[in-house]
Amino acid sequence: MKQDSQAITKLILKAARKAREETSNEPEPDLVKLVRWPVECTVGPGLEGAIACESKVGYVNGSKGWLVYRGYDIFDLCAYSTFEEVSYLLINGKLPSSSELAEYKGRLIEYRYLNQTLRLLLGFPLEQMNTMSALRMGTNMMRQEFTHRDERSGQPVFSDIIGSDEDSIPMETAPKGNRRAIYEFRRKNKAMRSRANELFDKASGIEACYHLLSGVATVAAMIARVNRGAMPIDPDPNLSFAANFLYMMNGRRPTPMEERVMDVSLILHADHGMNASTFAAMVVASTLSDVYFSIGSGIAALNGPLHGGANEQVMHTLAAAYESGDPRAWIRKVLEKKNKVPGFGHRVYKAYDPRARVLAPLAKYLVRDNPEVRPLQETAEVLEAEVVAKLGAEKQVFPNVDFYSGLVYRCLGIDSEMFTPVFAVSRVAGWTARVQEYMERNRIFRPRARYTGEFNKQYVTVEER
Ligand SMILES: CC(C)(COP(=O)(O)OP(=O)(O)OC[C@H]1O[C@@H](n2cnc3c(N)ncnc32)[C@H](O)[C@@H]1OP(=O)(O)O)[C@@H](O)C(=O)NCCC(=O)NCCS
């Protein structure tokens, strides 16, 4: 088991060496110097090129293929750190001391318990909903549980514990197919939950960020279970963030190797500059709405196939290419028609995405124990070779993070409709970190649109039209 973890570290360090060989070590000074407001920049449609704010959270150097969180190289964080440390780093701006880390982990464990939110969610036919839409709904429900900002009268009353008999759950979501429904809101966790309740008063920004970081994972895991026709299971306070997340989705404790791979994958997806979902989250926060609505908006934006939804699309592409019987000929036809191939290309990276550099060898490593995924992994290698040969040098199109993440998730037992929610769980770290930072010097976002319509039109009543 330890050998597996060491092998994974070796793979990451090898990917790091390759990346460093292919890129220069000099930062681009223009991009890291202090901004003098107002800035002059060239802005394209979709705000391309616009500088919306300053940030110390993370840095993406698209031409060199660098990803940096708070000054630390992504490869180092993947090789030596954990998602708990990295999320603390992103949100708090520094790596935690051992006591800070212990306290932070304890806090995250408490926030895994979302009794009222899960109880509310179970009243909805989640299995009939898009998983991202269910995740967004659950995130907004967490807001009610934590902030009680919109309570209409008096103080909120916390129900101590959810009735542990199945009859107390609205049966619209009757488990499909499984013989024995598992519903484990065990009494022994009551103490844990009432400690979490005490913290509800402290719905300050940072507490709400921690609550979201842990809670969105619990909601996502519950959606995964219900989609499989199983009941949600209680978190395990003895497991790490990554292991517990897998456990709550799959209903079995992961192997140390699975835990490590999940952890690395969470780290890789935690933050990525001013991407569409981060911007969406920040726009909502800038109105002085709150961090729950803000993260809900990030989830909505991440859902699109041009953003986080691409990882699910990739699996359909790989399946279609494999089933054609000749993936090489299949992808050549796609490229001839100038169709976009999911999992390739990036608005910022014009070099190989460092996240794909790590995920590609991880996928290859994992298929040793998951032979059913091997054909798709081999298909991915064929597609990568063809697309890069055709578009790499000419258009700087290389695999992005989504090209290999789906294969990795599949090997970890995660269903494809959960790929984007799993991405979202990790990105809560970056979203909350950047929202917190922006709120220190908040200015409501208000770009302009250029009006190209008409003027001076004469109003005609409906009867005369
Ligand atoms: C991510 C993405 C939206 C970036 O778009 P962009 O920065 O606007 O880049 P463009 O769409 O202008 O692409 C530039 C050129 O590369 C080509 N290209 C970009 N991505 C491509 C892809 N995935 N497959 C094939 N060609 C691609 C475009 O056709 C275009 O060629 P042209 O100059 O002949 O018109 C785009 O690459 C894409 O749609 N990728 C697939 C979806 C995906 O994987 N998204 C996840 C991103 S993490």
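Okay, so Glu-145: buried or exposed? It counts as buried, because it has 22 C-beta neighbours inside 10 Å, and the cut-off for buried is 20 or more. Keep in mind that this is a predicted model.

Where does Glu-145 sit? In helix α7, which covers residues 131-147. If we skip residues up to four places away in sequence, Glu-145 touches Leu-114, Gln-116 and Thr-117. Take Thr-117 from that set: Glu-145 and Thr-117 are 28 residues apart in sequence, yet 6.6 Å apart in space, C-alpha to C-alpha.

Next up, helix α4, residues 83-92. Eight of its 10 residues are buried, so the rest of the structure largely encloses this helix. If you want to click through the buried ones in α4, they're Phe-83, Glu-84, Val-86, Ser-87, Tyr-88, Leu-89, Leu-90 and Ile-91. And have a look just after α4, where Gly-93 takes a positive phi of about 85°.

So what does α4 pack against? One partner is helix α5, residues 98-110, at an angle of about 100°, with the axes 10 Å apart. That angle makes α4 roughly perpendicular to α5. On the α4 side you've got Glu-84, Glu-85 and Tyr-88, and they meet Leu-101, Tyr-104, Lys-105 and Leu-108 in α5. Sorted by class, that contact has four nonpolar residues, three charged and no polar. Two residues from the α4 side of it, Glu-84 and Tyr-88, were also on the buried list.

Okay, over to the other helix pair, α17 (residues 374-395) and α18 (residues 401-411). They pack at about 165°, with their axes 10 Å apart, which means α17 is roughly antiparallel to α18. The crossing of α17 past α18 is left-handed. Which residues do the meeting here? Leu-376, Gln-377 and Ala-380 from α17, with Phe-403, Tyr-404 and Leu-407 from α18.

α17 and α18 each supply at least two residues of the shell around the ligand. There are 16 residues around the ligand, and the ones that come nearest are Ala-310, Lys-340, Phe-344, Gly-345 and Arg-347.

How values were computed:
Residues numbered from 1 in each chain as written. Predicted model: local features only at pLDDT ≥ 70, side-chain atom pairs only at ≥ 80, totals over all residues. Buried ≥ 20, exposed ≤ 12 C-beta atoms within 10 Å, placed from the backbone. Helix = DSSP H or I, 4+ residues; strand = E, 2+ residues; numbered from the N terminus. Axes fitted to C-alpha atoms, helices over the stretch in contact; angles between N-to-C directions. Parallel < 35°, antiparallel > 145°, perpendicular 65-115°, else oblique. Left-handed = near helix turned anticlockwise from the far one by under 90°. Contact = placed C-beta atoms within 7 Å. Near = placed C-beta within 6 Å. Nonpolar A, V, L, I, M, F, W, Y, C, P; charged D, E, K, R; others polar.
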